[in-house]
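Please examine the sequence and coordinates below before reading on.

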Amino acid sequence: MIADTSFIIDLMRGEKEAIDKAQQLSINKETMFVTTVTLFELFSGLERSKKPNQEKIKIESTLN
């Protein structure tokens, strides 16, 4: 599955549906991929954030 930016952000926000989907993928041993476009969008959002260090940690944690 290719995880788009919205899905990653939903995971970062702790949205139940996104977490449930990620858990289901994990149980089914499906690999989740992230495109370079999504990485660009996530990290370019740091420039607009009031707390870029905390957001960077969230992004990295979610992607791991």
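In which helix do Asp-20 and Lys-16 both lie, and how many residues apart are they? Both belong to helix H2 (residues 16–27), 4 residues apart, about one turn of the helix. The model is a predicted one, in which local features need pLDDT of at least 70 and side-chain atom pairs count only at pLDDT 80 or more, whereas totals for chains, interfaces and linings use all residues. Residues are numbered from 1 along each chain as its sequence is written, and side-chain values use heavy atoms, with hydrogens and water left out. Helices (H or I, at least four residues) are DSSP runs numbered from the N terminus.

**Salt bridges**

- A salt bridge requires a side-chain nitrogen of Lys or Arg within 4 Å of a carboxyl oxygen of Asp or Glu; by this rule the count comes to 2.
- Side chains of opposite charge can pair when their charged atoms come close.
- Asp-20 is bridged to Lys-16, with the closest N and O atoms 2.7 Å apart.
- For accessibility, buried means under 20% relative accessible area, exposed over 50%, and partly exposed in between (1.4 Å probe, protein chains only).
- Asp-20 counts as partly exposed because its relative accessibility is 33%, while Lys-16, at 58%, counts as exposed.
- Glu-55 pairs with Lys-58, and here the closest N and O atoms are 3.4 Å apart.
- Because Glu-55 and Lys-58 are 3 residues apart in helix H4, about one helical turn separates them.
- Glu-55 is partly exposed at 24% relative accessible area, and Lys-58 is partly exposed at 37%.

**Nonpolar core**

- A nonpolar core is a set of buried Ala, Val, Leu, Ile, Met, Phe, Trp, Tyr and Cys residues joined through side-chain atoms within 4.5 Å.
- The largest such core has 10 residues in all: Ala-3, Phe-7, Ile-8, Leu-11, Met-12, Ala-18, Ala-22, Leu-42, Leu-46 and Ile-59.
- Helix H1 (5–13) and H2 each supply at least two residues of this core, and the largest share, 4 residues, comes from H1.
- Contact means heavy atoms within 4.5 Å; leaving out residues up to four places away in sequence, Ile-59 touches Met-12, Leu-42, Phe-43 and Leu-46.

**Thr-38**

- Thr-38 lies in helix H3 (residues 36–44) and is buried, because its relative accessible area is 4%.
- Its side chain makes a polar contact (a pair of N or O atoms within 3.5 Å; within protein, one must be able to donate a hydrogen and the other to accept it, and residues adjacent in sequence count only if both atoms are side-chain atoms) with the side chain of Thr-5, at 3.4 Å.
- Beyond its neighbours within four places in sequence, Thr-38 is in contact with Ala-3, Asp-4, Thr-5 and Ile-8.

**Surface patch**

- Patches comprise residues with over 30% relative accessible area and no salt bridge; nonpolar side chains (Val, Leu, Ile, Met, Phe, Trp, Tyr) are joined within 5 Å, and like charges within 9 Å.
- Val-34, Leu-39, Phe-43 and Leu-63 form a nonpolar patch on the surface, together exposing about 250 Å² of accessible area, with areas taken from the Shrake-Rupley method with a 1.4 Å probe, only the protein chains shown counting as cover for residues.
- Leu-39 lies in helix H3 and is partly exposed at 31% relative accessible area.
- Leu-63 is found in helix H4 (residues 52–63) and counts as partly exposed at 31%.
- Not counting residues up to four places away in sequence, Leu-39 touches Val-34 and Leu-63.
- The C-alpha atoms of Leu-39 and Ile-59, 20 residues apart along the chain, are separated by 9.2 Å.
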